[in-house]
Amino acid sequence: MGVEFLADELEAIKAQGLYTHIRTISSPQEAWFEVDGRKVLNLCSNNYLGFANHQRLKEAAKRAIDRLGVGPGAVRTIAGTQDLHLELERKLAAFKGTEAAVLFQAGFTANLATIPAITGAGDVIFSDELNHASIIDGCRLSKARVVRYAHNDPGDLKKKLEGVTDARRKLIVTDGVFSMDGDIAPLPEIVALAREHDAMVMVDDAHGEGVLGDHGRGIVDHYGLVGEVDIEVGTLSKAFGVMGGYVAGSALLCEFLKQRGRPFLFSSALTPADVAASLAAVEILEESDELVRRLWDNTRYFKEEIRKLGFDTGHSVTPITPVMVGEASKAAKLSARLFEEGIFAQSIGYPTVPRGKARIRVMISAVHTRDDLDFALEKFALVGRELGLI
Ligand SMILES: Cc1ncc(COP(=O)(O)O)c(C=O)c1O
């Protein structure tokens with residue numbers, strides 16, 4: 001039948017103002033970079049600590065290419081594992097304070113691997129209603145029943161747990177930092193409820209590591225819950241600046257995922273360059289928390305000033321700063337005008353966020369200077385007034 005019917009679907013997406021225009025980047029991830037041929041301020045990258053173009057990471061990647069080449073050869077269970085992968089797994093486990101860790105190709109695949117591996121028919125998954133798409137898809141791949149609870153609401157989670165009496169196993173799963181809102185999960189309450197109801201706890205720390213906790217060890221460390229959370233999912237693509245994902249937890253969990261996590265078994269491993277650069281990122285964070293502190297100084301400053309201008313930044317308490325707009329077409333207009341003024345800050349609409357809750361998602365980084373942030377604030381004020389947002 002061909003795929004021509006997709007043209008109508010694309011038209012419908014455009015008509016609703018939900019079409020995402022993907023811009024082209026032609027210089028490294030820095031505070032300022034070249035986008036669609038223009039030098040603009042980078043306010044949309046997850047490169048929280050500047051590792052994506054860090055000299056030490058680049059040198060580590062180059063050395064790994066010289067020693068091991070550019071590709072892993074195949075899936076680790078079929079063609080063997082490179083020593084570097086094992087070294088990074090040990091280093092990540094030590095960083096997170098867990099017994100073990102297991103690498104995946106992305107944070108997305110870490111969720112897709114883990115949820116269906118540890119739950120199935122007869123089980124119930126309790127999932128925050130705003131969880132990331134990779135958690136939602138992981139739940140869909142499991143044959144378990146999924147019960148959604150109200151966002152960050154332990155009261156509703158308790159009610160939902162009490163309503164389930166026939167589950168073989170129970171899993172509570174939540175984002176640590178919610179990637180579109182910048183608020184954080186009430187993990188101590190979730191862990192307490194899990195104990196009461198004999199449930200496992202899984203937290204996706206994609207936006208927490210490198211950001212929250214001592215030296216950026218993540219949300220579990222932030223709450224002093226090391227050893228109390230069964231499964232931590234992480235990504236190497238955000239604060240670590242590279243590419244890849246992992247699960248940290250008990251040695252038993254990680255051994256099991258190497259046997260039954262489908263993306264581990266059916267998709268090739270990370271490249272030596274990815275792994276070596278990630279190793280360098282973890283080492284830098286272990287040695288010093290200077291970049292994490294700088295990230296938070298910038299975050300506090302920008303959040304305070306943008307709120308003073310009259311913008312609504314929702315419930316964010318992290319460097320992820322949503323500037324709420326509402327209508328998708330208006331958010332797209334704000335993003336386009338900011339770009340004309342020298343700022344790349346992407347608008348985000350449905351299906352990434354609920355309909356009617358479109359926003360500009362501003363990402364603060366340790367590489368921004370105070371002048372960069374002041375420039376951004378000045379342009380937000382200008383365009384915000386022009387569009388009647390403040
Ligand atoms: C909460 C959360 N989990 C998982 C992912 C996926 O991570 P990755 O980009 O490594 O696949 C993201 C990033 O988009 C995320 O925000």
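Student: What should I know about the model before reading it?

Tutor: It is predicted, so local features need pLDDT of at least 70 and side-chain atom pairs count only at pLDDT 80 or more, while totals for chains, interfaces and linings use all residues. Residues are numbered from 1 along each chain as its sequence is written, and side-chain values use heavy atoms, with hydrogens and water left out.

Student: Where does Ser 142 lie, and is Ser 142 buried or exposed?

Tutor: Helices (H or I, at least four residues) and strands (E, at least two) are DSSP runs, numbered from the N terminus; Ser 142 lies in the loop between helix H6 (133–141) and strand E5 (145–149). Buried means under 20% relative accessible area, exposed over 50%, and partly exposed in between (1.4 Å probe, protein chains only); Ser 142, at 7%, is buried.

Student: Which residues is Ser 142 in contact with, leaving aside its neighbours within four places in sequence?

Tutor: Contact means heavy atoms within 4.5 Å, and with those neighbours set aside Ser 142 is in contact with Ile 115, Pro 116, Thr 119, Gly 120 and Ile 125.

Student: How many bridges join strand E6 to E7?

Tutor: Two strands pair if DSSP finds at least two bridges between them; E6 (residues 170–175) and E7 run parallel and are joined by five. E7 (residues 200–204) also pairs with strand E8 (residues 231–235) in the parallel sense, over three bridges. Within E7, Asp 204 is the bridge partner of Asp 175, and the bridge partner of Asp 204 in E8 is Val 233.

Student: How many residues of E7 are buried?

Tutor: Four of its five residues are buried, so that strand E7 is mostly covered.
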